[in-house]
Amino acid sequence: MSNAAVTPDQLGPSGGDRARAFGSAALAQLSTLGPVIALVIASGFFTFESPRFLTGGNLSLIVQQVMVVGTLAVGQTLIILTAGIDLSCGAVMALGSIVMAKMAVIVGLNPFLAIALGLAVCAAFGAINGGLVTMIRLPAFIVTLGTLNVAFALTHIYSKDQTIAKLPAAMTFFGNTFTIGQTDITYGSILMLVLFALTWFVLRQTAAGRHVYALGNNPEAARLTGIKTARLLLLVYTVAGLIYGIAALLIIGRTGVGDPNAGATDNLDSITAVVLGGTSLFGGRGSIVGTLLGALVIGVIRNGLQLIGVASIYQVLITGILVILAVAADQLARRRQG
Amino acid sequence: MSDNGKPTPALEARGLVKRYGHVTAMEGADFEILPGEIMAVIGDNGAGKSTLIKALSGAVIPDEGEMFLEGNRIKFSGPLDARRHGIETVYQDLSVAPALPIADNLFLGREIRMGGPLGSVFRILDKRRMLAESEEHMANLKIGIRSMKQAVETLSGGQRQGVAVARSAFARSLVILDEPTAALGVRESGMVLNLIREVRDRGLPVILISHNMPAVFEIADRIHIHRLGRRVAVVTPKSHTMPEVVAIMTGAMAA
């Protein structure tokens, strides 16, 4: 790391700048380490309080419990990195799961075709969100608040408020488990982890991923460097929609039915996971690994409090406080950077 | 700059006109910059110099007039088109993504992928090479920043501007800098001016738009004075004094 010929009067930092840089770097570190610290503290506490917490079976259960919210949070992370937000993800997932279930059970389509249709519906909703955000330049919050209601209504109209049972086995595959040692692991958990790995790869190792960060950080600079920002934004929302379709497949696997009321609060939980993971709601900074940790923090707290017999409403209380802490840390870091 | 057997200008504009309704922002504006020179563009507020610069960088399409890049007639369809022709513009509002590392900023929009199937099929970036080239590029420009992995926002204002200028130095034809020292203190301005000289000395012509008269007189080879929508004079820091230039700029003295 040697820079040749560094003379005193070059663009080196002054003392004050260095101190400021150090402060914001420390805070940036905190937003990366925050979810790790939260996870370690929570896990340590529950290990101490309950002998059942730190067992393979329970850890596998935690991953299984977060697989739907975690998958939604993958799409949510992509959108929040572009300085957007998606309130519609849970409703779009519910619509996708109803389309899959109804196409397979009521219409009698081949289950794989039914799954493909459900994925297509979710991707289409993502594309509509992205189209409205890019072409009419509406705020993502308003667009997705609208499509949240549209998807919610369509789900209930199309399903006639009926839960659809007796799904074909191929459709609930991701709820099945395999065993390693004494521990049962669902295929759905693996699928979620694969999605995280894939997204990590795209965000960290490809130009498209770096462009997503640049787009969220300084859209005008990104456009002027030749990045096709409108197309990229549309792509991000569409891919996020497709990921919600995968979440639909996972929730069908987990519950074994097509439930029109599924995922009602999952949109907020997915945002919680992203924010806990240290991704900035202002876009351009954050990581997909953080989101996985954020989702696990939610999972560990819910699971642990259940194990030690604390009423479930306290899980919501603690998650709420953690979200505020995470957003406050991000806001402070931004203010320092001026 | 020899005037006998005059070299082909790096960029030339003749008789540019741009009207916005009843307002004429450019009225037959001419412009020229020769290879290897720093041409400062100055003018009072409302003289139309920003319209001229936008026309040269492709951000404004003139209604009339012609432009020539290295002697070839050219028409830009937009800023990206100008960029494709090798013209890099650094805008006043810092054209960098502050949260991204320096190396990422330098290569934003022109990333280098790995060789072989890793790059062509899996689209994996060659981060090591981009990092190495960033270090080399910055060292060549004598910008002493330790790590190319640090985010641009951890830098001082002058260093950030340094990154933006360094980025533009990848240009093939010429560099346009819009008020690069506007938000900077004296010391940092001096550093950025050194950097601009460094860019020029590497053979890239630089168009410098600035209100900072001492800076203009310090580094410009020639000064283009813009007034009432057209070029009224081209002078050099040696041929004219600062008060004379200001007088021409404001119309108090004939060119």
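**Loop residues, chain B**

I started with Arg123(B), which lies in the loop between helix H4 (116-120) and helix H5 (127-140) of chain B. Helices here are DSSP runs of H or I with at least four residues, strands are E runs of at least two, and both are numbered from the N terminus. The model is predicted, so local features need pLDDT of at least 70 and side-chain atom pairs count only at pLDDT 80 or more, while totals for chains, interfaces and linings use all residues. Residues are numbered from 1 along each chain as its sequence is written, and chains are lettered from A and ligands numbered from 1 in the order in which they are written.

I looked up phi for Arg123(B): near 55 degrees, a positive value in a residue other than glycine. Arg123(B) is partly exposed, with 17 other C-beta atoms within 10 Å. My cut-offs: buried means 20 or more other C-beta atoms within 10 Å of the residue's own, exposed means 12 or fewer, partly exposed is in between, and C-beta atoms are placed from the backbone.

Glu179(B) is another non-glycine residue with positive phi, near 50 degrees. I found Glu179(B) in the loop between strand E7 (174-178) and H7 of chain B, partly exposed with 18 other C-beta atoms within 10 Å.

I also checked Asp221(B), in the loop between helix H8 (213-219) and E9 of chain B. Asp221(B) is partly exposed, with 18 other C-beta atoms within 10 Å. Its C-alpha atom is 10 Å from that of Arg197(B), 24 residues away along the chain.

**Helix H9(B)**

Which residues of helix H9 (residues 242-250) of chain B are buried? I get Val245(B), Ile248(B) and Met249(B). They cover an arc of only 100 degrees around the axis, so they sit on the same side of H9(B); the arc is that of the directions from the helix axis to the C-beta atoms. Pro243(B) and Thr250(B) are exposed on the other side of H9(B). The cover over the buried residues includes strands E3 (38-43), E9 (222-227) and E10 (230-235) of chain B, where contact means C-beta atoms, placed from the backbone, within 7 Å. After H9(B) comes Gly251(B), with a positive phi near 85 degrees.

**Helix pairs**

I took H6 (residues 157-168) and H7 (residues 186-201) of chain B next: their axes are 9 Å apart, at an angle of about 15 degrees. Axes are lines fitted to C-alpha atoms, for helices over the stretch in contact, with angles running from 0 to 180 degrees between N-to-C directions. H6(B) and H7(B) are therefore roughly parallel; the classes are under 35 degrees for roughly parallel, over 145 for roughly antiparallel, 65 to 115 for roughly perpendicular, and oblique for the rest. On the H6(B) side I noted contact residues including Gly157(B), Gly158(B) and Val165(B), and on the H7(B) side Met191(B) and Leu195(B) are among them.

The contact includes Asp269(A) and Leu276(A) from H10(A), with Gly294(A) and Ile298(A) from H11(A).

**Chain A overall**

I count 12 helices and 2 strands in chain A. Of its 338 residues, 49% count as buried.

Conventions
Two residues are in contact if their C-beta atoms, placed from the backbone, lie within 7 Å.
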